[in-house]
Amino acid sequence: MGPKASLSPESSHSSASASSSSSSSCGASTHDGCSPSPPPSTSSPAPSSAVTAGKAVLSAANASSAANASAAARQPLSRRGHFKSRLGCFSCKRRRVKCNELRPECSPCRRLGLTCVYPPAASNASPSASSSVGVAAAAIRANPSMLVLQDLRFYHQFLTTAFPTLPLRGAQVWSEAAAMSHQYEHLAHALLGLGASHLSQNGNVDYTSEALQHRVVAIKLFNERLGQPPQSAADADALFATVVCLLTQSSLLSDTMVEYMTMTRGANLVATSVITDYSNSIFRSFTPDGHIQSLTAMVCETLPKDFGVIDAFRASVVSLEPLCREQTEKAYLGCQVRCVDALRQSSLDAWKEFVVLYMMPSSFSNQEFLSLVNPENHAGQLLVIHMFLLDYILGRFCIDPADGPKLPGRKNVIIGWTKDLARALPSEYQQYIQWPLQYCEVLAGLDARYLLSP
């Protein structure tokens with residue numbers, strides 16, 4: 001994965017705590033293009049420190065996701081009309097809600113953690129046969145990780161559309177990762193959660209509750225496995241695939257901008273210590289050099305460039321300079337300016353510069369990173385939202401439409417994050433969010449191309 005970002009276990013834990021109270025390695029696609037390694041100026045922690053630090057960040061994400069899952073579970077159930085069924089479970093009957101009659105557990109009971117018991121079916125079977133069926137059903141329900149038929153839809157969504165964007169053009173890689181998920185429960189829940197979130201953002205049914213449930217379980221199981229050194233290349237691949245799926249899912253959830261930034265940093269620390277030999281990995285093309293080769297092969301230099309938009313973005317981000325107090329904030333701003341300036345030379349140069357920009361927060365010290373993502377640091381929040389919008393601005397000038405995402409879910413989330421920030425900013429900062437808001441109105445009518453970051 002290249003050089004490793006410097007972050008002690010203690011400092012990462014502080015970062016995670018800040019993220020959870022307010023609310024990666026680059027490497028995922030609901031289809032993205034960041035380098036899997038941080039800038040070369042960073043130092044390297046011991047692998048155990050990286051693992052511990054990553055676990056702390058993911059634990060914070062788990063706490064945030066668990067809280068969101070609990071809130072989603074408390075949403076009142078719809079009272080839309082439906083055909084009355086007399087075959088539903090006792091719990092649904094008692095609560096007077098529709099039961100979808102899935103066996104061995106219906107979805108409402110599974111979501112709320114209720115005991116799901118159905119009325120005995122009329123049968124001519126002997127008592128001993130009925131008893132055997134009951135024992136078998138009880139044994140099945142005793143498995144806390146039992147999946148339901150609905151998860152097949154999430155799995156299909158992952159395989160066909162929702163798999164991470166990194167490695168670039170990596171559909172075959174993610175097909176192999178999905179094939180090993182039956183052996184790694186943390187990976188299975190991570191890809192199902194990603195599939196559910198992708199369906200929620202791009203379909204007409206809200207599976208947020210199911211997505212968060214899978215996410216919470218995936219992070220819990222991932223942390224447990226992370227404490228055990230991988231015994232094989234497949235073990236390492238499963239851990240890395242899990243963290244990439246979790247990172248990608250973060251970009252499809254509302255109110256998670258800070259969590260996304262924190263998980264990117266934590267995931268990068270974990271990834272640099274998990275895969276030490278890419279030659280036997282399904283991600284063998286996802287080394288820093290391999291990523292640049294893939295990026296170079298994909299970039300399109302013949303797309304027309306709208307320098308009016310580029311100049312407007314440049315003016316907007318440069319206007320933030322008087323607000324920047326920390327050297328890291330000024331460096332982050334300067335890198336964004338270099339991205340748009342590089343576009344005048346070539347699309348490839350701009351994309352490469354964006355890779356540096358995306359990974360830059362992973363090279364900050366813990367205190368510097370905490371300052372950047374602190375919701376009370378309005379300059380930092382404005383810089384981060386400009387970075388997300390720059391991803392989409394450059395995408396239109398670097399990615400051929402055939403290589404871009406076909407669905408707008410992630411784009412809509414970024415637009416939502418921008419509007420959420422506008423509502424949260426004090427009046428004296430409102431002038432700095434006006435151009436991002438104006439561009440979001442334009443972006444809403446455009447296709448979903450971006451530089452394929454997770």
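Tutor: Glu-224 forms a salt bridge with Lys-220, and their closest N and O atoms are 2.8 Å apart. A salt bridge here is a side-chain nitrogen of Lys or Arg within 4 Å of a carboxyl oxygen of Asp or Glu; by this rule the count comes to 12 salt bridges. The model is predicted: local features need pLDDT of at least 70, side-chain atom pairs count only at pLDDT 80 or more, and totals for chains, interfaces and linings use all residues. Residues are numbered from 1 along each chain as its sequence is written, and side-chain values use heavy atoms, leaving out hydrogens and water.

Glu-224 and Lys-220 are 4 residues apart in helix α9 (residues 208-226), so about one helical turn separates them. Helices (H or I, at least four residues) are DSSP runs, numbered from the N terminus. Glu-224 is partly exposed at 42% relative accessibility, and Lys-220 is partly exposed at 46%; buried means under 20% relative accessible area, exposed over 50%, and partly exposed in between (1.4 Å probe, protein chains only).

A further salt bridge pairs Asp-235 with Arg-225, with the closest N and O atoms 4.0 Å apart. This pair links distant parts of the chain, for Asp-235 lies in helix α10 (residues 233-250) and Arg-225 in helix α9, 10 residues apart. Asp-235 is buried at 13% relative accessibility, whereas Arg-225 is partly exposed at 28%.

Asp-391 and Arg-410 also meet in a salt bridge (3.9 Å, N to O). Asp-391 belongs to helix α17 (residues 378-398) and Arg-410 to helix α18 (residues 409-424), 19 residues apart. Both residues, Asp-391 and Arg-410, are buried.

Terms used. Helices (H or I, at least four residues) and strands (E, at least two) are DSSP runs, numbered from the N terminus.
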